[in-house]
Amino acid sequence: MPIAQTQLETILREGFPDAEIQIEDLAGDGDHYKARIVSTAFAGLPRVRQHQLVYAALKGKMGGELHALALETSAPA
């Protein structure tokens with residue numbers, strides 16, 4: 001079962017409460033999203049580690065309810 005965009009945003013906000021989050025449904029099917037997340041949690045971390053933090057916040061939904069997620073992560077300027 002696909003994940004609703006609002007549910008995805010809620011999950012990401014729980015993991016990154018200070019973040020600026022923008023989500024785009026790429027295919028209109030609830031399975032393919034693009035997320036831009038700007039959070040202080042990413043400060044000083046390499047991009048791979050930033051993405052690992054996002055996947056951890058998704059609590060196993062990646063690859064199940066959520067088929068594809070293109071990520072853009074960064075710390076605030």
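This is a predicted model: local features need pLDDT of at least 70, side-chain atom pairs count only at pLDDT 80 or more; totals for chains, interfaces and linings use all residues.
User: Which residue does the side chain of Glu 72 meet in a salt bridge?
Analyst: Glu 72 sits in strand S3 (residues 68-74). The side chains meet at 3.0 Å, N to O, and the partner is Lys 34.

User: Thanks! How many salt bridges does a search of the whole structure find?
Analyst: One of them is the pair of Glu 72 and Lys 34. Another is formed by the side chains of Glu 20 and Arg 36. The search of the whole structure gives a total of three.

User: In which helix do Arg 13 and Glu 9 lie?
Analyst: The side chains of these two residues meet in a salt bridge at 3.1 Å, N to O. Arg 13 and Glu 9 are four residues apart, about one turn of the helix. That helix, covering residues 5-15, is H1.

User: And what is the distance, N to O, in the salt bridge of Glu 20 and Arg 36?
Analyst: For a salt bridge, the nitrogen has to be within 4 Å of the carboxyl oxygen. The side chains of Glu 20 and Arg 36 meet that way, with an N to O distance of 3.0 Å.

Definitions and conventions. Residues are numbered from 1 along each chain as its sequence is written. Side-chain values use heavy atoms; hydrogens and water are left out. Helices (H or I, at least four residues) and strands (E, at least two) are DSSP runs, numbered from the N terminus.
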